[in-house]
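Hello,

Here is the structure you asked to see. Please open it first, then read the notes below it.

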Amino acid sequence: MAEPVVVQPLDDGAWWRVTMGGSKGNVLDAALMDALAGVFERARETPAVRAIVLEGAGAHFSYGASVTEHLPDQVARMLARFRGLVHTVLDSGVVVLAAVRGQCLGGGLELACLAHRIFATPDARLGQPEIVLGVFPPLASVLLPERIRRGHAEDLCLTGRSVTGEDARAMGLVDELIAGDPAEAALAWAREHLAAKSASSLRRAVRAVRAGLDRRLRADLPALERLYLDDLMRTHDAVEGLQAFLDRRPPAWSHR
C-alpha cells in the first residue's frame, strides 16, 4: 500500500507539495488523518515554510472520510481525530493552497475549505454528500457559510449534490479554475505572491486573519459533535444510511 502522505519540499523548503494517498480515492481514514496532522505539526516547527500545496494522489482529491469509521463503534474517535487535524492545520500558521482534481467530497471538501485558496479543474466534482447517507457534516456546517453565502452552503449540505468546478467557482467555493495541473498553478501563485514575504510575518498574518474562524470552530465544533453523537447516531436512519452504503443497497428509511 502507498504511503498515506508524500511531502516534496520545493525552492529551498519555502513550499511543501503534500500529496495524499494510501487508498483508492484518498479516503480520509485514521492513517491518513494522522499522517496529515504530522505534516502540519512539522510545518509549524519549520520556520522557512511559507505555504503547503495540498493535493490528492491520482485522479481525485479525496472521496471523503471513511464511511466505516462513521459507524457507531468508531464515529466518536473519528470525529475527535478530524477535529484534531483541523486545529493542527489552523495552528500551523502556514498558508494552505488546495489543488482539486476529480472528486472532492465530504471530509475531502471540508479539508479543502480549510485552505486559503482552492484551485480546481473545471470538471472537478465538489460536494457534501453526507445527508444522502443519513448524516450531516459538522465541520462543513461551520466552514461552508464562512466561505460561501449561507444559501449555497445550505444547498450543498441539505441536498448532498455535487457541483462542477465551474459551478463551484460561480458560488465562490473555488478561487481559480485551472485547465492544467491545479497544484502547479497553486505553486505559481505562491511564488508570485508569497516568495518575497517574510515567512515569520506571514504566519502571524495567517493567525490574525483567521482568529475569528479559529474561535468559532473551537466553540461550535464540540456542540455539533454532541448533536451528531448524542442525537443523530441514536436514530435508526443514521445507522441505516451508513450500513446501506457499505452494503451497496438503497437505504430503507424509517424517518426516525
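Phe136 and Tyr228 are both buried. This is a predicted model, so please keep that in mind as you read. The two residues form a tilted aromatic pair, 5.2 Å centre to centre, with 55° between the planes. Phe136 sits in the loop between strand E7 (125–127) and H4, and Tyr228 lies in helix H9, 92 residues apart.

The count of aromatic pairs comes to two. The other one joins Phe119 and Trp189 edge-to-face, at 6.5 Å centre to centre and 65° between the planes.

Next, the cores. The largest nonpolar core has 67 residues, and those touching the most other members are Leu36, Ile52, Leu126, Leu144, Leu173 and Leu217. Helix H2 (residues 75–92) gives the largest share of this core, eight residues. Beyond its neighbours within four places in sequence, Leu217 is in contact with residues including Val86, His87 and Leu90. A second, separate core has 19 residues, among them Ile178 and Trp189.

Last, the largest pocket. Its space is about 540 Å³. Of the 31 residues that line the pocket, Tyr63, Gly64, Ala65, Val67 and His70 lie nearest its centre. The lining has 20 nonpolar, five polar and six charged residues. H2 supplies the largest share of the lining, five residues.

Regards

Terms used
Residues are numbered from 1 along each chain as its sequence is written. This is a predicted model: local features need pLDDT of at least 70, side-chain atom pairs count only at pLDDT 80 or more; totals for chains, interfaces and linings use all residues. Side-chain values use heavy atoms; hydrogens and water are left out. A nonpolar core is a set of buried Ala, Val, Leu, Ile, Met, Phe, Trp, Tyr and Cys residues joined through side-chain atoms within 4.5 Å. Buried means under 20% relative accessible area, exposed over 50%, partly exposed in between (1.4 Å probe, protein chains only). Helices (H or I, at least four residues) and strands (E, at least two) are DSSP runs, numbered from the N terminus. Contact means heavy atoms within 4.5 Å. On a 1 Å grid over the protein atoms alone, a cavity is a set of points where a 1.4 Å probe fits but cannot get out, and a pocket is an open set with protein on both sides within 12 Å along at least five of seven lines; lining residues have an atom within 4 Å of a point. Grid points are joined across faces, edges and corners, and a volume is the space filled by probe spheres set on the points. Ala, Val, Leu, Ile, Met, Phe, Trp, Tyr, Cys and Pro count as nonpolar, Asp, Glu, Lys and Arg as charged, and the others, Gly among them, as polar. Rings of Phe, Tyr and Trp (its six-membered ring) pair if their centres lie within 6.5 Å; planes under 30 degrees apart count as stacked, over 60 as edge-to-face and the rest as tilted.
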